[in-house]
Amino acid sequence: MVIVGLLALTMLVGGLLGRPDPAPVLRLVWALSPASNTVTVRVTRAAGPSGQQVLAQSRLAVSAVGDEQPERSSAADAVVRMPVPPGRRTSLLIQLTGPQPLTRTVTVVVPPPLRLVASRGASGRWLLDMSSPLRSPPARVLCGTDQVSLVAASQVALSYGGTACQARLQLTAQDGEQAFVPVAIPALPQASRAAVDQLYCFASPAGAAVYITIDDGWTPSAQVLSIMRRTHVPVTAFLIQRAAQENLGYWRAFAAAGGLIADHTVSHPNLTKLSLRRATAQWAKDRAALGRWFGQTPDLGRPPYGAFNRKVEVAGARGKLLALAGWSATMSGDTVRTWDGKPLRAGEIVILHWVPGLGGQFAALLAQISALHLHPAPLTLASFTGIAPQQGSLGGD
């Protein structure tokens, strides 16, 4: 009996000694948030009362290796949030003490901080140059009217509301870094701010400038785009929304080649025959769509057929346009025809249309401009500085 009892005890002890350690019930996980420059360390547990009991008796501590920053710890929820400096490599010592001790060292590399490099006004917009490529900001306005858009990898544009504005703009870099950028937009100087009060059929003659504009957009021209890419000649396209939508790839290439895009309404109606509400919608919806597609919301509009009256003016202002542009010269075949029958002069605005055969007309126009020693210039708000507006269009089209 004694021998049997000793054998049983030996077997019991041997069984206890040979039994494997219990499976771990706790696990360490961590994640870096570039937006807040924070590493979150968390302890997860297995389901059941054993995991809950072990977790309750544990303590989590996180410290930066070689840094004087104080240790951060947690007992109850076993979650620690540790700030880490941007633009640096940081090693963190993670220690879990208690029934199931764990130690781990992790190294995190935080992207450099997102910061404002420069800001300036240009062509009726306020531009912000940032230090890193950005994600597209969500559609929003600043100071009530200034629309925010991404116009280059590291550049954001705010359309001028015409008044001084101070605000904070939240931006996110492609790498996740975030910044709240203080924006101080000055009032656009009155001398360079056009008003929707009449129609501008002429622009500044400074530098022997003439202005090439092409309307509608139903038939894009590969020849025009090729010439623009080769010569960098500036062209303004007054686009109908419905026409532009059919060839977005072409118009993006046009803008990339230096082309300017302006508002020519949604569907090209005679605005003088619409109600004020519908005329406003024609301007505003086209302007918004063009801004959404091409990253720059137009400030200039051209009324279809040159049809203009006080209602068209008010509708343009309510649609957030800053100037309405007419024209003083057209193309008849390969010949320029001006409003007064005289040779083309500095300050004139020439109108063409996106129709078959445009490429030949465009080339002929450039040759005549060169022969007259004139120079094509981009049509912007600044082009109307010091220019008297017209009471109406010089001709319908």
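**Briefing: helices, cores and buried sites of a predicted chain**

The buried residues of helix α8 pack against β16 (209-216), α3 (222-231), β21 (329-332), β22 (335-338), β23 (349-353) and β24 (375-376). The structure is a predicted model, in which local features need pLDDT of at least 70 and side-chain atom pairs count only at pLDDT 80 or more, whereas totals for chains, interfaces and linings use all residues. Residues are numbered from 1 along each chain as its sequence is written, and side-chain values use heavy atoms, with hydrogens and water left out.

**The chain as a whole**

- The secondary structure comprises 8 helices and 24 strands; helices (H or I, at least four residues) and strands (E, at least two) are DSSP runs, numbered from the N terminus.
- Of the 397 residues, 46% count as buried, where buried means under 20% relative accessible area, exposed over 50%, and partly exposed in between (1.4 Å probe, protein chains only).
- Among contacts (heavy atoms within 4.5 Å) with a separation of 6 or more, 64% join residues 24 or more positions apart.

- Helix α8 covers residues 358-371, and its 14 residues should span 20 Å at 1.5 Å a residue, which agrees with the 20 Å between its end C-alpha atoms; the expected span is 1.5 Å times one less than the number of residues.
- The buried residues of α8 are L358, G359, Q361, F362, A364, L365, L366 and I369.
- After α8 comes H373, which has a positive phi, near 60 degrees.
- The axes of α3 and α8 come within 7 Å and cross at roughly 35 degrees; axes are lines fitted to C-alpha atoms, for helices over the stretch in contact, and angles run from 0 to 180 degrees between N-to-C directions.
- Helix α3 contributes Q223, V224 and I227 to this contact, and α8 contributes L358, G359, G360, F362, A363 and L366.
- These contact residues divide into 6 nonpolar, 3 polar and no charged (Ala, Val, Leu, Ile, Met, Phe, Trp, Tyr, Cys and Pro count as nonpolar, Asp, Glu, Lys and Arg as charged, and the others, Gly among them, as polar).

**Nonpolar cores**

- The largest nonpolar core has 36 residues, and those with the most contacts inside it are I212, L239, W251, F254 and W354; such a core is a set of buried Ala, Val, Leu, Ile, Met, Phe, Trp, Tyr and Cys residues joined through side-chain atoms within 4.5 Å.
- At least two residues of this core come from each of β16, α3, β17 (236-239), α5 (248-256), α6 (276-294), β21, β23 and α8.
- Not counting residues up to four places away in sequence, W251 touches G217, P220, A237, L239, A243, A244, I261, F294 and W354.
- A second, separate core of 30 residues includes L199, F308, A325 and I387.

**Helix α7**

- In helix α7 (residues 310-318), V312, E313, A315 and G316 are buried.
- Seen down the axis, these buried residues fall within an arc of 165 degrees, so they line one face of α7; the arc is that of the directions from the helix axis to the C-beta atoms.
- R310 and R318 are exposed on the other side of α7.
- The cover over the buried residues of α7 includes α6 and β20 (323-325).

- G176 lies in the loop between β13 (165-172) and β14 (178-185) and counts as buried at 8% relative accessibility.
- Residues up to four places away in sequence aside, G176 touches P34, A35 and R135.
- S383 is in the segment after β24 and, at 6% relative accessibility, counts as buried.
- Beyond its neighbours within four places in sequence, S383 is in contact with A203, S204, Y211 and P378.
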